Amino acid sequence: MRDRLSDLGLKPVEIEGTETVPGDGASHLAGRVHDISVTVPGRSSTGQVLLVAHTDSVLTGPGASDDGLGVSSLLEIARILTQGPRPRNDVVLLFTDSEETGQLGVRAYVHSLGKADETPRVVLNLEARGTAGRAVMFETGDHSSALVKALGGHPPVATSLSAEVYRRLPNDTDFTQLRKAGMTGLNFAVIGDSADYHAPGDDLAHVHPGSLQDLGDTVLAAAHRLSATDLRDVTRSSDATWFNVGPLLVRYP
Ligand SMILES: [Zn+2]
């Protein structure tokens with residue numbers, strides 16, 4: 001992966017850290033983690049578009065979709081971004097370690113930023129809860145009207161109702177930790193054939209190539225729009241309501 005990024009003329013950086021998460025009672029979760037981060041520099045940056053996928057998988061599944069779909073989408077997006085005109089904003093691709101175990105990798109990334117960091121940043125997190133179907137945008141952070149607007153180029157399956165439902169569920173992803181660190185953004189996943197999630201069927205034989213294409217197209221379109229906007233304005237936008245009508249994504253404040 002690092003070689004692939006270097007071949008594109010990018011400079012991947014390793015973020016290394018030891019993270020500890022307090023558990024219930026006397027137990028603690030701890031691990032040494034290694035993330036890879038790479039920046040496609042903007043020409044006149046107002047902040048960062050942060051694209052995130054995790055490189056680990058669970059013991060019960062090979063992880064071809066969770067999160068091979070996300071990792072391979074990011075590699076292809078890196079190739080496209082380095083071959084087209086330079087984006088206005090910095091686009092950072094973050095490949096996290098140990099998402100499945102307490103999101104330790106993304107915690108190391110947050111710590112690497114330091115407390116003084118005030119870079120305006122919008123996160124696009126790529127996940128999988130299955131091996132088939134269209135890309136679903138199932139969670140947003142605050143100021144969602146500016147974010148959902150960026151989905152117009154290639155709308156995913158999305159309703160603000162599912163975002164509200166997810167907000168009440170205990171499931172964590174890397175985006176959970178990034179939100180706790182004060183960032184906003186959008187969380188995407190492929191969720192069809194969910195019986196393969198965290199199971200032996202999450203392998204290359206079961207992952208639908210069309211799902212990979214759709215997730216990549218969706219996140220690339222959003223990254224293009226967000227990398228062209230003034231990210232300092234995002235925190236001034238309100239929350240939105242949105243839903244699909246045929247191929248369109250309707251939204252209002
Ligand atoms: Zn995952």
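**First stop: the zinc ion**

Select the zinc ion: H54 (NE2), D66 (OD), E127 (OE) and E127 (OE) coordinate it at 1.9 to 2.7 Å. Donors here are N, O and S atoms within 2.8 Å of the metal (3.2 Å for Na, K and Ca), and with water not among the atoms, sites may look incomplete. Before going on, note that this is a predicted model, where local features need pLDDT of at least 70 and side-chain atom pairs count only at pLDDT 80 or more, while totals for chains, interfaces and linings use all residues. Residues are numbered from 1 along each chain as its sequence is written, and side-chain values use heavy atoms, with hydrogens and water left out.

Show the angles among the four donor atoms: they run from 52 to 145°, and the site is irregular. (Four donors count as tetrahedral if all angles lie between 85 and 135 degrees; four count as square planar and six as octahedral if opposite donors are over 155 degrees apart and all others between 65 and 115; anything else is irregular.) In sequence, the donor residues follow the spacing H-x11-D-x60-E. H54 sits in strand β3 (residues 48-54) and D66 in the loop between β3 and α2 (68-83), so this pair ties together parts that are 12 residues apart in sequence. Helices (H or I, at least four residues) and strands (E, at least two) are DSSP runs, numbered from the N terminus.

Are H54 and D66 buried or exposed? H54 is buried, and D66 is too. Buried means under 20% relative accessible area, exposed over 50%, and partly exposed in between (1.4 Å probe, protein chains only).

**Zoom out**

Now colour by secondary structure, and you get seven helices and nine strands. The C-alpha trace spans about 45 × 40 × 40 Å along its principal axes. Of the 253 residues in the chain, 50% are buried.

**Into the core**

Pick L51 and L124 next: they have the most contacts inside the largest nonpolar core, which has 45 residues. Helix α2 gives this core its largest share, seven residues. A nonpolar core is a set of buried Ala, Val, Leu, Ile, Met, Phe, Trp, Tyr and Cys residues joined through side-chain atoms within 4.5 Å. Another core, of 11 residues, lies apart from it, and includes V92, V106, Y109 and F175.

Stay with L51 and show its neighbours: leaving out residues up to four places away in sequence, L51 touches L74, I77, V91, V92, L93, L94, L124, V219 and A223. Contact means heavy atoms within 4.5 Å.

Select α3 (residues 104-113), where L104, G105, V106, A108 and Y109 are buried. Which elements cover them? Among them are β1 (13-22), β2 (28-40), β3, β4 (90-96), β5 (121-128) and α6 (174-180). Just after α3, click G114, which takes a positive phi of about 80°.

Then step back to S98, in the loop between β4 and α3. S98 counts as buried, at 11% relative accessibility. Apart from residues up to four places away in sequence, S98 touches V33, D56, Q103, L104 and G105.

**Last stop: S144**

Finish at S144, in helix α4 (residues 144-148). With 2% relative accessibility, S144 counts as buried. Not counting residues up to four places away in sequence, S144 touches S238, D239, A240 and W242.
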